[in-house]
Amino acid sequence: LLKAATALDEVCTDLPLSLDLPGAAEARRAAAAARQQLADYVIPRLRDVDAPALVVVGGSTGAGKSTIVNSLVGDEVSKPGVLRPTTRSPVLVHHPATAMWFEGTRILGGISRIRGGPATRSNQLELVARPSIPDTIAVVDAPDFDSVVDANREIATQLLDAADLWVFVTTAARYADAVPWTFLRSAVSRGMHVAIVLNRVPPGAAAEVGRHLAEMLRTEGLGTAPVFTIDEQLLDGGLLPDRSVQPLRAWLGALASDQQARAAIIRRSLVGTIGELAAQADRLAGAVDYQGEFVQWLADRVDDAFRRAHRSIAEDIRNGTVMRGEVLARWQDLVGTGELLKQLQSAIGRLRDRIGAALSGRPQATERFQGAVSHGIEIVVRERTAQAVDDAVGYWRVQPPGQALLDEVRTEGVDLTRPERGLDERTARLVRDWQASVLELLRRQGAGKRRTAKALSYGVNGLAAVLMVGIFAQTGGLTGAEVVIAGGSSAVGHQVLAAVLGDQAVRSLTETARADLERRIGADVLGVEAQRFLSVLERHRPGDRGARLREVGHQLATALDR
Amino acid sequence: MNDRAATGLETRLATLQQLEQVAPGRVPPEVLARMEGTRRRATGRVAHGLTNTVVALAGATGSGKSSLFNAIAGATLAAVGVRRPTTMVTQALVFSADGVLGTDASSLLDWLKIGDRHITADRELDGLILLDLPDHDSTVIAHRQEVERLLPIVDVFMWVVDPQKYADAALHHDYLRRFAGHAEVTMVVLNQLDTVAPQDRTATLDDLTRLLREDGLDIASIGIIKKLTGRPEGVRVFGASARTGEGVGDIRRELAARTAERRAVIARIDADLDWIAGDVTTAVGDVAPGVVDRRAMAELGEALGRAIGADAIADAVESSHERSGRSAVGWPPTRWLARLRPDPLRRLGLGRRPAGSDTSTVVDRTSLPPMSRVMAAAVSSAVRTVADRAGNGLPEPWRRRIVEAANSRRADLDDALDRNVATAELPADQPRWWRFVGTLQWLLAAVMLVGLVWLLVLGVFGWLRLPEVPTPRLGALPWPTLLAVGGALAGIVVGAVGGWMNVVGGRRRAARARATITEAALGVAGDLVVGPVNNELETLGRVQALSRALRR
């Protein structure tokens, strides 16, 4: 049981619940509370069953908790007052012989101890030794859980979670308040033993209020809880008169001296708490799984968007879209002015073009054609990528946690709503690399055919141009005149290519070059952009925590049965 | 003063209504819903007149709202009990001078949906409607819902707290902080003061005041300052005991003053409007939307021009110019070579049109390839850039709206761009020096020809062994040789120089063509992209201005 509890504590550490899904905030709080309870109560209690029982006196602000503790002890150990909330830091009263149980960090590790004076900060626990307290229990005066001071609420909740036994103080004016009842309900679900003190009852109202309170307790499943009624009265030196607290003191005394009864109470609340924690582990596992599913959903949407972009780019490449417009115009330049044939045919033509280009300062038609191709591909890739980013962001935005993620990374200086700054340059480099690799491919193909190798080594640029047209215009997305122009002239080129390399080789070359281009676009541009989204998600992936939680919860439950 | 305040309120409500009309899609839907609710409640309340002031007694269970209600009324109207929570239904007590329920008050209570009504004759508090609300913190959820329903529509809040519960989170976190802007119409009564020892009372009241201040409520100044400013501008805190009657007189006097002033309604609505104005201001941010600036426009034109093929056209213009130039001023013997190449401009369908035809009216689809997806993608990129820049620094929903506005006429844009290229007037006239140089070339050619013929004649003479014709000489060189070689050399040089000038001219012309197309594209984009974007920016600016106007 102890092992399972420790394991649960470990699993609950830093649970991946970082996305603000509905219920995530509650789950985060629940996980923190579960850890706290494990450390403050379950694990210490499992280690030392014989430690004094911790009786926590809790209740609303102004209910008179401090007065009751003082009256029980018979001394002012916690200062009462009229200003609300009065008690801002808890006071633990114990028998001098049991100090060792409370001085260390065995329980309530997050709260520092102070002795011999009031605490100065809210997260300090004042220890007071009084022989009037039996050595089998310790009484804690907790701060309120419903005042404007949030720190009080946290400490009170922590103390109540660590208690073996609750003394719940309420008043005639308060007993129907909503806040205390939420605490009482959690006590019921934990199997916690609760004593109710109905304080400050105006004269004559005891019967009616008592009846109503008993009725409310019954409906909430606390019918067996003892109720102690104390009238509203003037204090005698800050303490209630003895006869008022006598029943409560007697009840505590009986519990302190009856080892068996005490053990039964401790056992019952321990079993209840562990059962509750096991169930909680299951619920947390659900929340973690939900996070996982959501992260996966977001990742899938990114995938969708970029896959669609890739498909659409591939389509544009195949059906000649890229060939249109400027590229076609350049192709016409190249073919129409005869430069292509010149290039394909002789080295002299090429040399002359070179000189001409050097003199006029204008790039050759082939180069311009290749520039146009690059430009066309770049534009398509850039735009589709931007579109994909838009789509992915659109999907994320639909869900508030997705929106929150976008905002979160924006504060870190990453703007996911726009493509990365280096996109243009990366795209340009990609196309350049691809064109270089097409040339390289052609050279290697040609090298095997020695007969034509020489001619080829001169005309490789022109051949590459022909090849590219073949890649972009294969399925004939061009219409009418365009086909005549592009197709007709490329057919000439194709024949030259085929003559040089062989028909089959040309076909496979076209296919290889295109596949290469598509692969590069997918990996170097779309992949990089998608990765930016996915890496943001990566931090929020819960991994196998959900399954671990369930497993540990199950271990706890089975250990409990044994 | 009341009239002025009422007019001010009317103006603000009108502003709110205007804001509501332009706000959909530009402020978050929840804020829009609250704007609508606020205006509906305000106009509903104002419609029932300012003669009555509705004061709601609200507070925790057991704080003694009903006891205080009875104490103020001077009669036992509300059931008081020890069983919690006591009050189940909201009761109204109408104070009127003659003890008769007026139609105003009755219709107001109908509007508030309160059926449980009592009337009391009270000259001092005439016009006051006191509501005894159920608690907001008990286990009975229906009570909280009733409180939530009424708090937005009553005129004055009177929070009743007691020494036990005055620091409850349920009160401060859920209500007082929320209505922190309503300090002017808020009163807080610390009831059951008799249960606190007399020496502790001031400290308790001070502590309550401190908590209120922490909630963000202004505390009313008292005494001389109050007299000077003339109105309670913050929360008033009272200590009272319904049981002993202590302090009840003060509360009655305050209520009488507020009722007589008849400005609680306006103050309450003003506070509501402040609240919503704050929300809207937060939503719209404080970066003022500008307009698309000149530089962004220029870049858009350039990008669009490039997208529709300005570069290709400019190049065509350049080579076309060189080609015609060569045939005009080239060396005549090789001039014909230029004509072998097709005119690239004509191939694009942008060649010279017959003189005299008005190019601007001819909508001639060029044989430039139709707007391809590549171009469309480039146009999209250009539009996106403009929208991005225009939306820089603005709240997220606005940026999205600007992108939408920029793309709103996308389909028309593609078409218009295409048409504009076709009708763009490209420089096509022949430079004047062509004719001159052309003539010069012919002259030089003639000179060369003369020399050649002369040489030929001389040669024929020599071949026929005819007596040598005396050849005039210039220095050591004979004239015919000089004429032939000199004419040829001069022609080639002039041709080369002319060619070089044509390259330069062609380049200049290409630049001009590019500028023309860019300008044409910009003209289109101005209407179809920048226009809608600027419209949206203007509307957003209006939303911001209205939200500023809504603040006081």
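**Between the chains**

I counted ten residue pairs in polar contact between chain B and chain A, both residues at pLDDT 80 or more. A polar contact is a pair of N or O atoms within 3.5 Å; within protein, one must be able to donate a hydrogen and the other to accept it, and residues adjacent in sequence count only if both atoms are side-chain atoms.

This is a predicted model, so local features need pLDDT of at least 70 and side-chain atom pairs count only at pLDDT 80 or more, while totals for chains, interfaces and linings use all residues. Residues are numbered from 1 along each chain as its sequence is written, chains are lettered from A and ligands numbered from 1 in the order in which they are written, and side-chain values use heavy atoms, with hydrogens and water left out.

Next I looked up which helices of chain B touch chain A. Helices H6 (169-176), H7 (201-214), H12 (310-329), H15 (373-390) and H16 (396-407) of chain B each supply at least two residues of that side. H15(B) gives the most, with nine residues. Helices here are DSSP runs of H or I, at least four residues, and strands are runs of E, at least two, numbered from the N terminus.

In total, 52 residues of chain B are in contact with 62 residues of chain A. Contact means heavy atoms within 4.5 Å. The size of an interface is often given as the accessible area lost when the parts come together.

Two salt bridges link chain B and chain A. A salt bridge is a side-chain nitrogen of Lys or Arg within 4 Å of a carboxyl oxygen of Asp or Glu. I noted the one between Asp177(A) and Lys165(B), at 2.7 Å, N to O.

**Salt bridges in chain A**

Over all chains, the structure holds 55 salt bridges. I picked out Arg550(A) with Asp289(A), 2.8 Å from N to O. Arg550(A) lies in helix H19 (residues 545-561) and Asp289(A) in helix H9 (residues 259-318) of chain A, so this pair ties together parts 261 residues apart in sequence. Arg550(A) is partly exposed at 35% relative accessible area, and Asp289(A) is partly exposed at 27%. My cut-offs: buried is under 20% relative accessible area, exposed is over 50%, and partly exposed is in between (1.4 Å probe, protein chains only).

Glu408(A) and Arg539(A) form another salt bridge, their closest N and O atoms 3.6 Å apart. Glu408(A) is in helix H14 (residues 400-411) and Arg539(A) in the loop between helix H18 (503-538) and H19 of chain A, so parts 131 residues apart in sequence are tied together.

Asp516(A) pairs with Arg519(A) in a salt bridge, at 3.0 Å between the closest N and O atoms. The two are three residues apart in helix H18 of chain A, separated by about one helical turn. Asp516(A) counts as buried, at 15% relative accessibility.

**Inside chain B**

Chain B has 19 helices and nine strands. Of its 552 residues, 51% count as buried.

Is Thr90(B) buried or exposed? Thr90(B) is buried, at 3% relative accessibility. Thr90(B) sits in the loop between helix H3 (65-73) and strand S2 (91-96) of chain B. Its side chain makes a polar contact with the side chain of Glu146(B), at 2.6 Å. Beyond four places in sequence, Thr90(B) touches residues including Ile114(B), Leu131(B), Pro134(B) and Leu150(B).

Leu93(B) lies in strand S2 of chain B. Leu93(B) is buried, with 0% relative accessible area. Leu93(B) and Ala73(B) are 20 residues apart in sequence and 7.9 Å apart in space, C-alpha to C-alpha.

**Outside chain B**

Trp463(B) lies in helix H18 (residues 432-463) of chain B and is exposed, with a relative accessible area of 71%.
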